[in-house]
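Here are my notes on the model you sent. Please read them with the structure open.

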Amino acid sequence: MDTSALRAKFLGAAAAASDEAALEEVRLAALGKKGEISALMATLGKMEPEERKAAGATLNILRDEIDAALRAKKAALSDAALDARLKSEWLDVTMPARPRRMGTIHPVSQVMEELTAIFADMGFAVAEGPQVETDWYNFDALNIPPEHPARQEHDTFFMHRADGDDRPPHVLRTHTSPVQIRAMTEKGAPIRVIAPGRVYRMDMDQTHTPMFHQIEGLAIDKDISMANLKWVIEEFAKAFFEVPSVEVRFRASHFPFTEPSAEIDFRCSWVGGQLRLGEGDSWLEAGGCGMVHPKVLRAAGIDPDQYQGFAFGLGIDRLAMLKYGIPDLRAFFEGDLRWLRHYGFAALDMPDLAGGLSA
Ligand code: DAH
């Protein structure tokens, strides 16, 4: 039996099929129930045994060959279909997003990111603590015992205990300083952390809101001095306000958790109601700082005979107002969309030192 013409015909047709439907037609015409190869197979039964044996073998080989060609072509067609789809559904994931649809970043969040970037560059990690705090972390561990006058100055919000429960009440933390204790207790010394976050005091006027934001800084090691503290604050001020130099003044002060203690002032001038940092005859109060009190180290399980270090606390909202010229603190927390759109930042502009903080 000579099957070369059939072979050429079907292999050619399979190769020429341009889609899966055309390929299926070729399969039916050759190998389907009414296909030509199947029809020839049906004639085998009427043949003499010798002839049947030879013809059967030839037809089996031909059938397998066509079947293989059809499968190969099918695979090639589906690869080509996938390629075409990938080309037509191509998406440039590096295109900038459409930030307006995503709302804006609040100036406080933006400034927190900026602070994190600046202090990360100086080797500070970010630490966190709860906003509902025990009075031990908020006061006692920071060397503010119950009868200490500093407790009154903090205008603390207390959380009610259940009737009959006479343990001291929890408080809404009045500063980020308790995070110092938590970080030292958890990580030990040496340690270098910042802790930005919300704090609460019962106070409300043009420059005070009952909730506001602070950033705490803490660096403990064997040979840390007040000079390191001053350098860190100066570097921070230059980086944050994006100016080549800022004169920093330490004014002697008192905090129970530091000894010695200082208030931090930046040299500035007011020109036509506009603040200029680093020049002029005025001083801007930025926060408090000092060398961590030995009692505070001890409360956090660190040996003050081996370790010492500095801490500082700055008001974040104030930093945001100064840097971005925002006049009224209360507007920060009113959720007015017009204000948020005006003072907010594009959602995908993450501050980093290399790119220019607020650029
Ligand atoms: N916790 C102080 C406050 O809220 C600020 C402060 C002052 C923090 C001196 C410090 C520090 O870490 O050393 O008023």
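How are helix 1 and helix 4 oriented to each other: roughly parallel or roughly antiparallel?

1. Source. This is a predicted model; local features need pLDDT of at least 70, side-chain atom pairs count only at pLDDT 80 or more, and totals for chains, interfaces and linings use all residues. Residues are numbered from 1 along each chain as its sequence is written, and side-chain values use heavy atoms, with hydrogens and water left out.

2. Helix pair. The axes of helix 1 (residues 4-16) and helix 4 (residues 49-88) cross at roughly 10° and come within 9 Å. The two helices are therefore roughly parallel to each other (angles under 35 degrees). Axes are lines fitted to C-alpha atoms over the stretch in contact, and angles run from 0 to 180 degrees between N-to-C directions. Helices are DSSP runs (H or I, at least four residues); strands are E runs of at least two.

3. Helix contact. Leu6, Arg7, Phe10, Leu11, Ala14 and Ala15 of helix 1 meet Leu62, Glu65, Ile66, Ala69, Leu70 and Lys73 of helix 4 (heavy atoms within 4.5 Å).

4. Ligand shell. There are 15 residues around the ligand, and His175, Ser177, Arg201, Gln214 and Glu216 come nearest (a heavy atom within 4 Å).

5. A polar side-chain atom of His175 lies 2.9 Å from a ligand nitrogen atom. A polar backbone atom of Ala311 is 3.2 Å from a ligand oxygen atom. For a backbone N or O atom of Phe312, the distance to a ligand oxygen atom is 3.4 Å.

Terms used:
Parallel < 35°, antiparallel > 145°, perpendicular 65-115°, else oblique. Polar contact = N/O pair within 3.5 Å; in protein donor to acceptor, adjacent residues only side chain to side chain.
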